[in-house]
Amino acid sequence: MNRSAADRIIVALDGMNPEQALGFAQAVPELLWVKVGLELFVAGGPVVVQQLRDQGKRVFLDLKFHDIPATMAGACRSAARLGAELITVHACAGSEALRAAQAAAAESAYAAGFQSPTLLAVTVLTSWDPARFASELAVAEPVASYVPRLAALAAASGIGGCVCSPLEVGALRSAHPEPFALVTPGIRPAGAALGDQQRVMTPAQAIAAGSSQLVIGRPITAAADPAAAFAACCGELA
Ligand code: C5P
């Protein structure tokens with residue numbers, strides 16, 4: 001798909017209260033996509049999503065739903081009604097819950113006059129150390145093959161994409177061609193501080209590896225001039 005550089009970059013509004021998030025979004029007029037995570041949503045509620053949309057921003061609602069099918073469906077119905085265009089769910093909720101979530105999101109978006117949102121499956125959180133994951137959760141399969149297994153489950157359940165680390169993009173993209181979305185955090189522009197991210201790619205590397213969109217937080221939000229940092233990331237993709 002031919003997308004503009006700005007359409008490829010989703011800025012994570014982490015560590016901000018609603019007022020700061022709205023101020024930030026306004027200060028970066030070229031910014032198209034924002035990610036509203038648990039911290040901001042729990043503080044600001046649905047109204048912050050509405051206010052960001054009123055500014056013309058497109059919203060990735062990253063609340064990582066994981067529950068029984070009826071509750072997943074209800075949550076996705078409400079998220080789609082808000083106009084969220086990307087919504088995260090945990091793949092390990094299972095096929096029944098994933099199908100119910102996808103169907104409810106599509107139906108609710110249609111009723112509200114929006115395009116159907118893309119649900120994105122989270123496979124294994126990258127914060128897990130593989131050895132600890134195996135021992136604490138008693139999962140015998142190595143994380144390296146468990147991730148593609150969960151991605152395949154999500155795809156077979158009608159989910160439109162996955163969130164994955166830059167290191168997983170290549171393998172997932174070969175198994176799941178476009179338009180399956182692969183949305184990738186762990187991005188650092190050349191020369192940027194790593195922070196707590198260990199395994200990173202630059203924006204251009206991640207897109208070349210098969211990411212459809214990138215999630216970038218602190219390299220833009222903590223920059224002295226966020227608009228310039230956003231423009232520089234776009235420039236790397238141009
Ligand atoms: O500031 P930074 O660019 O590291 O922010 C990355 C964003 O992506 C954060 O919102 C973080 O929670 C999210 N994320 C991540 N790694 C994952 C999944 C989500 O860094 N595996």
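Start by selecting strands S3 (residues 58-65) and S4 (residues 86-90): the two pair in the parallel sense over 3 bridges. Strands here are DSSP runs of E with at least two residues, helices are runs of H or I with at least four, and both are numbered from the N terminus. Two strands count as paired if DSSP finds at least two bridges between them. Zoom in on Leu61, and you'll find Ile87 of S4 standing opposite. Now follow the chain from S3 through helix H5 (residues 69-81) to S4, a β-α-β crossover that is right-handed. That means the path from the first strand over the helix to the second runs clockwise when the strands point away from you.

Before moving on, a word about what's on screen. This is a predicted model, where local features need pLDDT of at least 70 and side-chain atom pairs count only at pLDDT 80 or more, while totals for chains, interfaces and linings use all residues. Residues are numbered from 1 along each chain as its sequence is written, and side-chain values use heavy atoms, leaving out hydrogens and water.

Stay with S3 and look to its other partner, S2 (residues 33-37), which pairs with S3 in the parallel sense over 5 bridges. Val34 has Val59 as its bridge partner in S3. Is S3 enclosed or open? Because 6 of its 8 residues are buried, S3 is largely enclosed by the rest of the structure. (Buried is under 20% relative accessible area, exposed over 50%, partly exposed in between, using a 1.4 Å probe and protein chains only.)

Next, select S5 (residues 118-122), where 4 of the 5 residues are buried, so this strand is largely enclosed too. S4 and S5 pair in the parallel sense over 5 bridges, with Leu86 opposite Thr118. S4, helix H6 (residues 95-112) and S5 make another right-handed β-α-β unit. S5 also runs parallel to S6 (residues 161-163), joined by 3 bridges, and there Ala121 stands opposite Cys162.

Last stop: the ligand. Which residues are around it? Show those with a heavy atom within 4 Å, and among them you'll get Ala12, Asp14, Lys35, Thr126 and Arg188.

- A polar side-chain atom of Asp14 lies 2.6 Å from a ligand oxygen.
- An N or O atom in the Lys35 side chain is 3.0 Å from an oxygen atom of the ligand.
- For Thr126, a side-chain N or O atom is 2.5 Å from a ligand nitrogen.

Conventions
A polar contact is a pair of N or O atoms within 3.5 Å; within protein, one must be able to donate a hydrogen and the other to accept it, and residues adjacent in sequence count only if both atoms are side-chain atoms.
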